[in-house]
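Load the model in your viewer and keep the selection panel open. We will go stop by stop.

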Amino acid sequence: MKIAVCGKGGVGKTTVSGTLARLLGREGVKVLAVDADPNHTLFLSLGISSEVAEQIVPLTENDELVQERTGMEAGRSFGGMFKLNPRVDDLAAKFGVPAPDNVTLLVAGTVQIGGSGCMCPAGALLKALIRHLIVGSGEAFVMDMEAGIENLGRGTTRGMDVLIIVVEPGRGSLTTVGRIQKLASDIGVDRVVAVANKVTDEQDQKVIEAVLHERRIPLLGVIPFDKSLHRAGLLGKAPLDYAPESPAVEALTGILKELQSMF
Ligand SMILES: Nc1ncnc2c1ncn2[C@@H]1O[C@H](COP(=O)(O)OP(=O)(O)OP(=O)(O)O)[C@@H](O)[C@H]1O
Ligand SMILES: [Mg+2]
């Protein structure tokens, strides 16, 4: 299963991806959690310490690696030839950081992209990683994406089995849903589902349900606004470590079941 998690800024993408990754790992699935946000914080919701996280160099910022794999200097964007299909199969083993519950974190990083597509070596490496990383049986790939939709259209999500849009009760977040859905269909990701987060009451839920229904996007589950999750975020702790019995974690457990029933 290859899962990408996207949505507007601050809706809870990192919370959802990190927690789902660990819950999957607890079921004996070997999970590769990929952080594709340049401001990488997935380590927090996975329960990796800041001391360990500080040592991590995102793949696309590892100039030596980018050059070794693509045959061109990382900073160059044109005027040279580089391999569009660099070798990526060993990256998780070489650069992955162990997290609890059978999860490995790989901080991919991202690249400054403009125009119609990313024509730079670091971008080629990242795309190859996401497209060609083979997920065997008993393995899963969960990707926490950058806020918004910029990096969606540039090929990073091609090859994903399912795209989860995290939405919160807010117009901005709900407006983004349509754009994400369109991009997903443009790039050939057929399965788009949603998770509602930070829901405070039934009315919130109804508004979200109506928007999703209109767009025929299945709602996998509803995570309530949960003070203990808010506090976990404030303290930099993983929800599964700080509030394992919370209603939010319970909701996420149900969401994983729904997701698994799709496959
Ligand atoms: N259900 C919830 N109830 C209360 N607080 C929550 C809930 N879900 C997430 N949060 C809090 O909201 C904040 C944003 O969450 P998170 O970092 O997961 O969002 P994000 O979408 O990844 O943000 P960004 O766009 O910055 O990457 C965090 O402080 C987190 O603890
Ligand atoms: Mg995030």
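Select Val66, Arg69 and Thr70 in H4, then Pro121, Ala122, Ala124 and Leu125 in H6: these two groups meet, a contact being two C-beta atoms, placed from the backbone, within 7 Å. The residues of this contact divide into 5 nonpolar, 1 polar and 1 charged. Here Ala, Val, Leu, Ile, Met, Phe, Trp, Tyr, Cys and Pro count as nonpolar, Asp, Glu, Lys and Arg as charged, and the others, Gly among them, as polar.

This is a predicted model; local features need pLDDT of at least 70, side-chain atom pairs pLDDT 80 or more, while totals for chains, interfaces and linings use all residues. Residues are numbered from 1 along each chain as its sequence is written, and chains are lettered from A and ligands numbered from 1 in the order written.

Widen to H4 (residues 63–70) and H6 (residues 121–132). Their axes come within 9 Å and cross at roughly 80°. Axes are lines fitted to C-alpha atoms over the stretch in contact, with angles from 0 to 180 degrees between N-to-C directions. H4 and H6 are therefore roughly perpendicular (65 to 115 degrees).

Next, select ligand 1. Which residues are closest? Lys13, Thr14, Thr15, Ala147 and Gly233, out of 20 that surround ligand 1 (C-beta, placed from the backbone, within 6 Å). Color the shell by class: 7 nonpolar, 9 polar and 4 charged. Helix H1 (13–26), strand S7 (192–199) and helix H10 (227–235) each supply at least two residues. H10 gives the most, with 4.

Finally, zoom out. The chain has 12 helices and 8 strands, as DSSP runs numbered from the N terminus (H or I, at least four residues; E, at least two).

Technical notes. Angles under 35 degrees count as roughly parallel, over 145 as roughly antiparallel, 65 to 115 as roughly perpendicular and the rest as oblique.
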